[in-house]
Amino acid sequence: MAILVTGAAGFIGSNLVRHLLERWPDRRIVGYDLLTYAGHLSNLADVMDHPRHTFVRGDVADRESVAKVFAEHDIDGVMHLAAESHVDRSIVDPMAFVRTNVVGTTVLLQEAARAWEGREGVRFHHVSTDEVFGALGAEGRFDEHTAYGPNSPYSASKAASDHFVRAWHETYGLPVVVTNCTNNYGPYQFPEKLIPVVVTRALAGERVPVYGRGENVRDWLYVGDHCDALALVFEEGATGETYCIGGDAEATNLDLVGMVLDAVDGARGAAVGTSRELIEFVTDRPGHDFRYAMDIAKIRAELGWEPSVGLAEGLARTVDWYLSHREWMEEVQGDQHREFTDSWYGKR
Ligand SMILES: NC(=O)c1ccc[n+]([C@@H]2O[C@H](COP(=O)([O-])OP(=O)(O)OC[C@H]3O[C@@H](n4cnc5c(N)ncnc54)[C@H](O)[C@@H]3O)[C@@H](O)[C@H]2O)c1
């Protein structure tokens, strides 16, 4: 069996490729990625020469390139992660999100359906987010029956892609499965997302921006646990079904940032609490969803999955990883990234 992993050079994709190569000793993995500002081959350095791994540079929205990968590599499974993934960027450049997340997903669906006509044993797994459900108040959790209510251009584009996946199942009979997951963290996360932003800025002694008063709540999931859930759903999830995945680990942004800064202090041998002085409250993100939390009863009951890494342990592992991969941090942060961050936080 050959599995196409799109977005393979990104944060979750690169962790997933590594996980699958170990977990599935008789399957080939074909990584497919455009290598945008967020995708880096250094994320895959240790598996680039693996005998069952092939990397192809390509755009999910480019029909010819996608068709060629299906034909040349005899793909019989897709795990689709390629996306524009940063909410702040979606506020500044929404069309890039429509192109990759909506058009790209649809191109992939169309080419999978074409390549797999009359074929058994194939599967299209779409990896999506809890953000499609909108915002929660202080109580309650999202589950597979929650109505869609996306609020940012990013979440609207992911919601649209979820709907196209569903439509390809209902209309053309494509065997699909969808997962919606909470905030991930761990090694190889690009330093534009909250946790690596905090680590990189604390190490450089720069102010650590926190939106509003830091009261927004997220449910945090260690990326290794997410990869385990993805592989399980791909193998055992029921066709046409959605599974919600979460870490059962809610924290306000302010508490989380404090924990990360304390872990950085601890790892550097500084007095714990020193780096908290770097926190600076900045003007809130427009349309900032107040709270996300996931009810994971379905995946727990039907597939026996649960998160195994708690928040304190996961953060300690993550901070250690960033501290021992400083060249990686330097290498991946190109000019385009610096320009965006300077202008985004500069205005706040
Ligand atoms: N990170 C999270 O917390 C989280 C949570 C839930 C769901 N997700 C979903 O998981 C997936 C992966 O997220 P991530 O955090 O690893 O994102 P990421 O930004 O780190 O990686 C995305 C990858 O997609 C590639 N890509 C972008 N446009 C492309 C295109 N047109 N063609 C081919 N490749 C392209 C990029 O080069 C990059 O390597 C996304 O679909 C995201 O919506 C992420």
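Helices (H or I, at least four residues) and strands (E, at least two) are DSSP runs, numbered from the N terminus. Residues are numbered from 1 along each chain as its sequence is written. This is a predicted model, in which local features need pLDDT of at least 70, side-chain atom pairs count only at pLDDT 80 or more, and totals for chains, interfaces and linings use all residues.

**Exercise 1. Leu303**

Find the element that holds Leu303. Then classify Leu303 by its C-beta neighbours and list the residues it touches.

Solution. 
- Step 1. Leu303 belongs to helix 9, residues 297-303.
- Step 2. Apply the burial rule: a residue is buried if 20 or more other C-beta atoms lie within 10 Å of its own, exposed if 12 or fewer, and partly exposed in between, with C-beta atoms placed from the backbone.
- Step 3. Leu303 has 16 C-beta neighbours inside 10 Å, so it counts as partly exposed.
- Step 4. Residues are in contact if their C-beta atoms, placed from the backbone, lie within 7 Å. Not counting residues up to four places away in sequence, Leu303 touches Leu232, Val233, Glu236 and Gly237.
- Step 5. Take Glu236: Leu303 and Glu236 are 67 residues apart in sequence, and their C-alpha atoms are 7.2 Å apart in space.

**Exercise 2. Gly314**

Is Gly314 buried or exposed? Which residues does it contact beyond its neighbours within four places in sequence?

Solution. 
- Step 1. Gly314 sits in helix 10, residues 311-323.
- Step 2. Gly314 has 24 other C-beta atoms within 10 Å, so it is buried.
- Step 3. Leaving aside neighbours within four places in sequence, the contacts of Gly314 are Tyr185, Gly186, Tyr222 and Val309.

**Exercise 3. Strand 4 and its partners**

Which strands pair with strand 4, and in what sense? Are the faces of strand 4 covered or open?

Solution. 
- Step 1. Two strands pair if DSSP finds at least two bridges between them.
- Step 2. Strand 1 (residues 2-6) pairs with strand 4 in the parallel sense, over four bridges. Ile3 has Gly77 as its bridge partner in strand 4.
- Step 3. Strand 5 (residues 123-129) is joined to strand 4 by four bridges and runs parallel to it. Here the bridge partner of Gly77 is Arg123.
- Step 4. Recall the rule for faces: in a regular strand the side chains alternate between the two faces of the sheet.
- Step 5. In strand 4 (residues 77-80), Gly77 and Met79 lie on one side, Val78 and His80 on the other, and all are buried. Both faces are covered.

**Exercise 4. The ligand shell**

Which residues come nearest to the ligand? How does the shell divide by class?

Solution. 
- Step 1. A residue is near a molecule if its C-beta atom, placed from the backbone, lies within 6 Å of it.
- Step 2. There are 31 residues around the ligand, and Gly7, Gly10, Phe11, Gly39 and Ala83 come nearest.
- Step 3. Ala, Val, Leu, Ile, Met, Phe, Trp, Tyr, Cys and Pro count as nonpolar, Asp, Glu, Lys and Arg as charged, and the others, Gly among them, as polar.
- Step 4. The shell has 14 nonpolar, 13 polar and four charged residues.

Key
Two residues are in contact if their C-beta atoms, placed from the backbone, lie within 7 Å.
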